[in-house]
Amino acid sequence: MAPPPDTSKTTKLERYNSYIRRVNSTKLLAASTNLLFRATLLTAVVLILLFTLHYPPLLAGHHPSAASAHSHRSLLSSYSSYGGATWEREVRRSATPRRRGGLSVLVTGAAGFVGTHCSLALKKRGDGVLGLDNFNSYYDPSLKRSRQKLLSHHGILVIDADINDSKLLIKLFDVVPFSHVLHLAAQAGVRYAMRNPQSYVASNVAGLVSLFEVAAKHADPQPAIVWASSSSVYGLNTAVPFSELHRTDRPASLYAATKKAGEAIAHTYNHIYGLSITGLRFFTVYGPWGRPDMAYFFFTKAILSGNAITLFKTRDGVDVQRDFTYIDDVVQGCLGALDTAGKSTGTGGKKRGPAQLRVYNLGNTSPVPVGKMVAILEELLAKKAKKNVVTMPRNGDVPYTHANVTLAQKDFKYRPTTDLATGLRRFVKWYVEYYGVAAPHAQGKGKRGKGSVGEKGKDANTGRVASA
Ligand SMILES: NC(=O)c1ccc[n+]([C@@H]2O[C@H](COP(=O)([O-])OP(=O)(O)OC[C@H]3O[C@@H](n4cnc5c(N)ncnc54)[C@H](O)[C@@H]3O)[C@@H](O)[C@H]2O)c1
């Protein structure tokens, strides 16, 4: 009798096959789930990117806390948008001087308040200007975009990039042999440093080093650098008026500390690499196209909309005072510093001889109590401010600033000429036009708009109220 067929092998084989099928289908399921997850993630990233690029103000809000996020976005867009023959042509066109012996200046922070005015002044006299700005949202980026349009109207290209993007900086110096850099890009503001300290380190320390590195090691020829320090470096100094010879080793805010660090870093790059470097200590600069985070600006907005303003008194009950400096005077100082800057002496990261290292105060030399500034605004706006007077908190602000400018006067004929009443009148005129505010009767020269502060309908090219 034939033995019964041995089915155990077939059964084992079937079990094994079914096990393999199960494993395979589990793997397939896992792989497809993985694929689906990746596809969803990719779509989400693409959508976020698109949204970010098209609606930056919506995402960032107008709030300083979005500053660092925006800075990343700028870095991304700069990577994807630079290079190519057209881009290089545009960069060269903007940076080439139109007068014999003219400068070719890379202006960082060009879409900022001081950067815009300096870029326009340089272009007007025939110098070549290329702007760079990361358009961060420390304050309303739409104001920076309006300034960019104004600059573009005058043939100045402002590249959307971060000073920490050294690849881009190297590329720019490859394309243009800049004779000068006017370095104004920075995280400004004293009080915000308590809320976002890292943004100060990123722009004012790391960013400065990034720029100096490229200028010292890659730029050929090395440019001369003029950069913005700040009166805040005088910190707790009580000797007045503040002179460049006074102590600056007691900063009262992180902002001031990063500017002071910048001055020390400038010394190092001058010493090791022969970079010609000039630091300018600005004193409370104000004027048209100004900064919304500064008191004269947000007081104007508050007074017009009937909101209360807070005024600080010192612990001794004295009014806080500032050496308010009108923007045109500061521009004159910046151009003077550029014109008298000596050449850098190094090449390819090697120093070939001693180079110039300078620091100057650029102030107005006549401090004004903040209460007086408010009284001038009240008159210009024909409206009383609702005042809330409090003792100055320990937030980094100093009670008093007063510049001694004899050094700048001696070396490049710096002579501030605009008093606060005149400068504020020009500011208010710009403000009511730009924001389309119903013109106040007292200052009388602004166009009559219908809306409230921040109303749409302005022509961003000129900052004027659109007639339509
Ligand atoms: N306005 C003043 O009263 C005053 C006083 C003292 C010093 N300063 C200094 O003067 C310079 C110009 O000041 P402002 O009033 O025009 O300020 P601003 O904020 O209007 O201009 C600075 C510009 O730099 C840009 N920026 C910031 N970080 C950047 C980065 N990492 N990469 C590229 N761009 C960046 C900003 O987007 C901004 O447009 C700053 O260095 C500031 O610290 C100004």
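Predicted model: local features only at pLDDT ≥ 70, side-chain atom pairs only at ≥ 80, totals over all residues.
1. From H10, the residues Ala295, Tyr296, Phe299, Thr300, Ile303 and Leu304 meet Val370, Met373, Val374, Leu377, Glu378 and Leu381 of H12. Sorted by class, this contact has 10 nonpolar residues, one polar and one charged.

2. Now the geometry of that pair. H10 (residues 295-305) and H12 (residues 370-381) pack with their axes 10 Å apart, at an angle of about 45°. H10 is therefore oblique to H12. Their crossing is right-handed.

3. On to the sheet, which is open and has seven strands in the order E3-E2-E1-E4-E5-E6-E11, with parallel pairing. At the edges are E3 (157-160) and E11 (357-362), each of which pairs on one side only. From one strand to the next, the twist averages 20°.

4. Within the sheet, E4 (residues 180-183) pairs with E5 in the parallel sense over four bridges, and leucine 182 stands opposite valine 226 in E5. Helix H11 (residues 327-339) packs on the sheet, where H11 touches E1 (104-108), E4, E5, E6 and E11. The direction of H11 makes about 165° with that of E6.

5. E5 (residues 224-230) is also joined to E6 by six bridges, and these two strands run parallel. Serine 229 has arginine 281 in E6 as its bridge partner.

6. Do take a look at E6 (residues 277-282): six of its six residues are buried, so the strand is largely enclosed by the rest of the structure. Ile277, Gly279 and Arg281 point one way, Thr278, Leu280 and Phe282 the other, and all are buried.

Note on methods:
Residues numbered from 1 in each chain as written. Axes fitted to C-alpha atoms, helices over the stretch in contact; angles between N-to-C directions. Parallel < 35°, antiparallel > 145°, perpendicular 65-115°, else oblique. Left-handed = near helix turned anticlockwise from the far one by under 90°. Contact = placed C-beta atoms within 7 Å. Nonpolar A, V, L, I, M, F, W, Y, C, P; charged D, E, K, R; others polar. Buried ≥ 20, exposed ≤ 12 C-beta atoms within 10 Å, placed from the backbone. Pairing = 2+ DSSP bridges.
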